[in-house]
Amino acid sequence: MNRQFFLFWILIAGCAGPVKQISIPDPEKSYDDLISENVSCTGNGKINSRGPIKGALTFTFMSQHDSSFFQFKDPLGRKALLMWLTPQNVAAWNLIENKQYTYNQILDFFPFLQIVEPSDITKFLWGIQPDYDAMNESENFSKSEHIQMSFKKNDLAHESKVLVSATFLDQTSNQSVEIQIKNRTRTQKILNMKRTWELLKI
């Protein structure tokens, strides 16, 4: 009887087919995890503005620690704008007109900076979505509730379902800005961002 029972279960197992292994996705890493494993993050993308201010610019970026640096090009391929974000400051330099923008002028181009801290932009470049809960508690958010934010994830190079797009809509002016990441690379390379900023301004 035991032998028959054993053969019965072998038959059932054979009919069931091969056992498939279920792959468990890796847990999503935090910003602290990423910067502890890497020194810098570089890449490129595109920014689209729709509304009163329209246009599209491609950009390359470098990010290290809590600072990020953008170099924008216009549709003709000319270096048009440099922007440097630190936790305490946002600086922008118009290369075509050779002048520095004031903070209010920067807000005209990038209205989302009214509620999104520069450090959140840096996190976005690394692939981390800004914390909505922290924003809701901030004074700036209560003053700018007319700005809506949405984010998209997609496959990018060797990563799957990662943050690749952020859209900010200012409902008052009907101005929207979409930032798309086309390529993102995290490395152990140390970047001299201050030197790059000074060289590109010349």
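Student: Leaving aside neighbours within four places in sequence, which residues is Ser176 in contact with?

Tutor: Ser176 touches Asn48, Ser49, Arg50, Phe168 and Leu169, once neighbours within four places are set aside. Keep one thing in mind as we go: this is a predicted model.

Student: Where is the place of Ser176?

Tutor: Look in strand β9, which covers residues 175-187.

Student: Is Ser176 buried or exposed?

Tutor: Use the cut-off: buried means under 20% relative accessible area. Ser176 has 13% relative accessibility, so it counts as buried.

Student: Now the whole protein. How many helices and strands are there?

Tutor: The protein has seven helices and nine strands. Its chain holds 202 residues, and 40% of them are buried.

Student: What do the contacts say about the fold?

Tutor: Check how far apart the partners sit in sequence. Take the contacts between residues at least 6 apart: 51% of these join residues at least 24 apart.

Student: Which residues does Trp197 touch, not counting those up to four places away in sequence?

Tutor: The list is Phe69, Leu82, Met83, Trp84, Ala91, Ala92 and Trp93. Trp197 itself lies in helix α7, residues 193-201. Take Met83 from that list: 114 residues separate Met83 from Trp197 along the chain, yet their C-alpha atoms are 8.7 Å apart. Trp197 has a relative accessible area of 5%, so it is buried.

Student: Why is helix α4 largely enclosed by the rest of the structure?

Tutor: Count its buried residues. Helix α4 runs over residues 118-126, and seven of its nine residues are buried, so the rest of the structure largely encloses it. The buried ones are Pro118, Asp120, Ile121, Thr122, Phe124, Leu125 and Trp126.

Student: What follows α4?

Tutor: Gly127 does, with a positive phi near 105 degrees.

Student: On to the rings. How many aromatic pairs does the structure hold?

Tutor: There are six aromatic pairs. Start with Phe70 and Phe72: their ring centres are 5.5 Å apart and their planes meet at 10 degrees, so the pair is stacked. The cut-off for stacked is planes under 30 degrees apart.

Student: Are Phe70 and Phe72 buried or exposed?

Tutor: Phe70 is buried, because its relative accessibility is 4%. Phe72 has 2% relative accessible area and is buried as well. Now try another pair, Phe151 with Phe168: the ring centres are 6.3 Å apart and the planes stand at 85 degrees, an edge-to-face arrangement. This pair links distant parts of the chain, with Phe151 in strand β7 (residues 147-156) and Phe168 in strand β8 (residues 159-170), 17 residues apart. Phe151 and Phe168 are both buried.

Student: Which residues form the one aromatic cluster?

Tutor: Phe59, Phe61, Phe70 and Phe72 make up the cluster.

Student: How do I find empty space in a model?

Tutor: Rolling a probe the size of a water molecule over the atoms shows where space is left empty. Here the count is one cavity of 30 Å³ or more. The largest cavity holds about 70 Å³ of space.

Student: Which residues line the largest cavity?

Tutor: Its lining is Ile47, Phe59, Phe70, Phe72, Met83, Leu85, Phe110, Phe112, Leu113, Ile121 and Ile179. Several names return here: Phe59, Phe70 and Phe72 also belong to the aromatic cluster, and Ile121 is one of the buried residues of α4. Strands β3 (67-73) and β4 each give at least two residues to the lining of the largest cavity.

Student: Which strands each supply at least two residues of the lining of the second largest pocket?

Tutor: They are β1 (40-50), β2 (55-64) and β4 (79-86). Strand β2 gives the largest share, three residues.

Definitions and conventions: Residues numbered from 1 in each chain as written. Predicted model: local features only at pLDDT ≥ 70, side-chain atom pairs only at ≥ 80, totals over all residues. Heavy atoms only, no water. Buried < 20%, exposed > 50% of the residue type's maximum accessible area, 1.4 Å probe, protein only. Helix = DSSP H or I, 4+ residues; strand = E, 2+ residues; numbered from the N terminus. Contact = heavy atoms within 4.5 Å. Phe/Tyr/Trp six-rings, centres within 6.5 Å; stacked < 30°, edge-to-face > 60°. 1 Å grid on protein atoms, 1.4 Å probe; cavity = no way out; pocket = protein on both sides within 12 Å on 5 of 7 lines; lining within 4 Å. Points joined across faces, edges and corners; volume = space filled by probe spheres on them.
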